[in-house]
Amino acid sequence: MGKKKELKRAIVIDREAQLIQVYTLDEEKTYRGIPRGKVLKKTKIYAGDYVRGEVVDPNTFAIEEVEERKNLLIRPRVANVDRVIIVQTLKMPEFNNYLLDNLLVVYEYFGVEPVIVFNKIDLLNEEEKKELDYWVDIYTKAGYDVLKVSAKTGEGIQELINYLEGFICILAGPSGVGKSSILSRLTGIELRTQEVSEKTERGRHTTTGVRLIPFGKNSFIGDTPGFSKVEATMFVEPREIRKYFREFLSYTCKYPDCTHTNEPGCAVKEAVKKGEISCERYKSYLKMLKVYLEEIKELCG
Ligand code: GDP
Ligand code: ZN
């Protein structure tokens, strides 16, 4: 057996043209990464990629291997994303559950686990807190993790940091919900604004790479946000949308290709009727399919 070199593990935190920056996980230091050996110049390397290699001088890390990636987001382009933090607010701006459901479908489609973070809880009175809990309950029952925070007062921020330990994450959600404020709470750094991109559909991030910022215990967060709002049907065929409502997946309908609309023996509709699946979520589903159901009043009251 040949003697194998001890390779260090690092994460690519920045990739811009020929410049690769890596961050070693043991000593927590940043180096310039240089592909070498099996890793050819043309090997695709993205922010979020885990690499193995060795430190060759105080500034340089020779990349010998790129680990297989579990997913790759396109906007921003980050690999191995463990959580997309979908930031929402009940107020300022007003909560829109249909927009959230569209974001959830799209991230489910990309294979990235969402966590829903309701920000600005400092703004809520007692009645509004109850209203927020109504939604928290719906998304928790649907199978999502939901956290409540205030980037302003810091409430819930430590819980968020603990929750994200060891994860690569990115922020998403509408403008004005506090993505930038949350990022600076977590890392002390400002978010790169998307202002331009929302108007022109062309973001800085298409020309400038995303940078992953270390925070907490081995956690990393992208300095460029993901989708602010998106329509599920931009990525997913209407007939496929049902696969990305995760709470539907534990039900077996009479027909395996049931669209959960007009078919007899639909277990999903039965679950809506029994209150096991939220009417709000089911209504969003029908809206995405552009289907109007006569029985919706009877089902949901
Ligand atoms: P982004 O567009 O999602 O990045 O949102 P920003 O971080 O820029 O925040 C939008 C506005 O909401 C700013 O005026 C922030 O100061 C404010 N804001 C952010 N987080 C909170 C919060 O937790 N509570 C309150 N009251 N305001 C907040
Ligand atoms: Zn069905």
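## From a buried aspartate to the ligand shell

Asp 101 has its place in helix α1, which spans residues 97–109, where helices (H or I, at least four residues) and strands (E, at least two) are DSSP runs numbered from the N terminus. The model is a predicted one, in which local features need pLDDT of at least 70 and side-chain atom pairs count only at pLDDT 80 or more, while totals for chains, interfaces and linings use all residues. Residues are numbered from 1 along each chain as its sequence is written, chains are lettered from A and ligands numbered from 1 in the order in which they are written, and side-chain values use heavy atoms, with hydrogens and water left out.

Asp 101 is buried, with a relative accessible area of 0%; buried means under 20% relative accessible area, exposed over 50%, and partly exposed in between (1.4 Å probe, protein chains only). Its side chain makes a polar contact of 2.8 Å with the side chain of Arg 281, a polar contact being a pair of N or O atoms within 3.5 Å, of which, within protein, one must be able to donate a hydrogen and the other to accept it, and residues adjacent in sequence count only if both atoms are side-chain atoms. Asp 49, which lies in the loop between β3 (30–35) and β4 (50–57), is likewise buried at a relative accessible area of 0%, and its side chain makes a polar contact with that of Arg 69 at 2.9 Å.

The chain that holds these residues has eight helices and eleven strands, and 50% of its 301 residues count as buried. Its C-alpha atoms fill a box of roughly 70 × 45 × 40 Å, taken along the principal axes.

Helix α2 (residues 126–142) has 17 residues and reaches 25 Å from its first C-alpha to its last, close to the 24 Å expected at 1.5 Å a residue, the expected span being 1.5 Å times one less than the number of residues. Buried in α2 are Glu 128, Leu 132, Trp 135, Val 136, Ile 138, Tyr 139 and Ala 142. These residues cover an arc of only 160° around the axis, which puts them on the same side of α2, the arc being that of the directions from the helix axis to the C-beta atoms. On the other side of α2, Glu 126, Glu 127, Lys 130 and Lys 141 are exposed. Tyr 134, also in α2, is partly exposed, with a relative accessible area of 40%, and its side chain makes a polar contact of 2.8 Å with the side chain of Glu 280.

The description now turns to the ligand. Of the 15 residues around ligand 1, Asp 122, Gly 176, Lys 179, Ser 180 and Ser 181 come nearest, where a residue is near a molecule or strand if one of its heavy atoms lies within 4 Å of it. Helix α4 (residues 179–187) gives the largest share of this shell, three residues. By class, the shell has four nonpolar residues (Ala, Val, Leu, Ile, Met, Phe, Trp, Tyr, Cys and Pro count as such), four charged ones (Asp, Glu, Lys and Arg) and seven polar ones (the others, Gly among them).

Oxygen atoms of ligand 1 are approached by a polar side-chain atom of Ser 150 at 3.3 Å, by a backbone N or O atom of Ala 151 at 2.9 Å and by a backbone N or O atom of Lys 152 at 3.1 Å. Taken alone, ligand 1 exposes 580 Å², of which the protein buries 68%, with accessible areas from the Shrake-Rupley method and a 1.4 Å probe; for residues, only the protein chains shown count as cover.
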